[in-house]
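Subject: Structure handover

Hello,

Here is the structure for you to look over. My notes follow it.

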Amino acid sequence: MRSYRLYENMDPEADISGEDFDLVSQLNENMKLDRIFEVVKEYIIQKGVGNCRSIVFIQDYEEELCMRNYYDMMIIMKNLLINAIQAGAAEIKVETVVKEGELVITVSDDGKGIDPQDKPYIFTPRFSTKEMKPDKDAGLGLYNVRKAIINSKGKFEIDSTPGKGTTCVVRFPLKEVLA
């Protein structure tokens with residue numbers, strides 16, 4: 001089992017914006033999952049971490065996993081982490097495990113959570129509960145996550161309690177995502 005901490009106690013005033021996340025031209029078609037996490041970490045650090053004190057990645061799998069649709073995985077991870085940060089999470093944990101023919105990624109945070117009345121709309125394009133400045137990408141994060149998960153024939157579960165945080169579980173059949 002590998003475990004590493006992305007950062008601790010970075011600038012709480014740092015800004016996170018919705019700028020494009022276009023790494024396609026820089027990367028190969030297939031990419032190891034560990035490298036995907038490294039690229040996303042670099043992006044999150046570059047954009048800032050809000051009030052988040054810590055993001056911990058825990059990986060529990062033996063062999064290196066080479067992902068076929070690496071860009072979809074980057075979109076999923078980038079948006080789930082940014083949503084948690086923007087929801088005021090102080091702590092985020094990303095656990096990755098391979099079991100029963102699936103790659104399972106769980107992202108848990110202690111942010112503000114999702115109001116039950118908003119939950120049916122979280123994948124609707126342009127839906128957002130955040131007070132935002134005009135932004136071409138506003139309200140597209142979870143919509144893009146959903147598209148990327150469907151593209152990889154995955155499944156998405158979300159459990160959220162207002163005031164206590166959110167846990168997102170993404171499941172992919174290994175035969176669909178491994179190169």
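Helices and strands here are DSSP runs, numbered from the N terminus; a helix needs at least four residues (H or I) and a strand at least two (E). On that basis, Asp118 sits in the loop between β6 and α3 (141-151). Please keep in mind that this is a predicted model.

**Asp118**

Is Asp118 buried or exposed, and what is the nearest side chain of opposite charge? Asp118 is buried, yet has no salt bridge. The nearest side chain of opposite charge is Lys112, 7.5 Å away. A salt bridge would need a side-chain nitrogen of Lys or Arg within 4 Å of a carboxyl oxygen. Leaving aside residues up to four places away in sequence, Asp118 touches Phe127 and Thr129.

**Strands**

β8 (residues 165-173) pairs with β6 (residues 102-109). The two are antiparallel, with eight bridges. One of the bridge pairs joins Ile105 to Val170 in β8.

β8 also pairs with β7 (residues 155-161). Again the sense is antiparallel, here over seven bridges. Thr161 has Gly165 of β8 as its bridge partner. β7 and β8 make a hairpin, with three residues between them. In that turn, Gly163 has a positive phi of about 85°.

**Nonpolar core**

The largest nonpolar core holds 44 residues. Which of them touch the most other members? Ile92 and Leu103 do. At least two residues each come from α1, β3, α2 (70-86), β5 (91-99), β6, α3, β8 and α4 (174-177). α2 gives the largest share, 11 residues. As background, nonpolar side chains in soluble globular proteins tend to be buried together.

**Aromatic pair**

How many aromatic pairs does a search of the whole structure find? The search finds one. The partners are Phe37 and Phe57, and the pair is tilted. The rings lie 5.2 Å centre to centre, with 50° between the planes. Phe37 belongs to helix α1 (residues 33-47) and Phe57 to strand β3 (residues 54-60), so the pair ties together parts that are 20 residues apart in sequence. Both Phe37 and Phe57 are buried.

Best wishes

Terms used: Residues numbered from 1 in each chain as written. Predicted model: local features only at pLDDT ≥ 70, side-chain atom pairs only at ≥ 80, totals over all residues. Heavy atoms only, no water. Phe/Tyr/Trp six-rings, centres within 6.5 Å; stacked < 30°, edge-to-face > 60°. Buried < 20%, exposed > 50% of the residue type's maximum accessible area, 1.4 Å probe, protein only. Pairing = 2+ DSSP bridges. Lys, Arg positive; Asp, Glu negative; His and termini not counted. Contact = heavy atoms within 4.5 Å. Core = buried A, V, L, I, M, F, W, Y, C linked by side-chain atoms within 4.5 Å.
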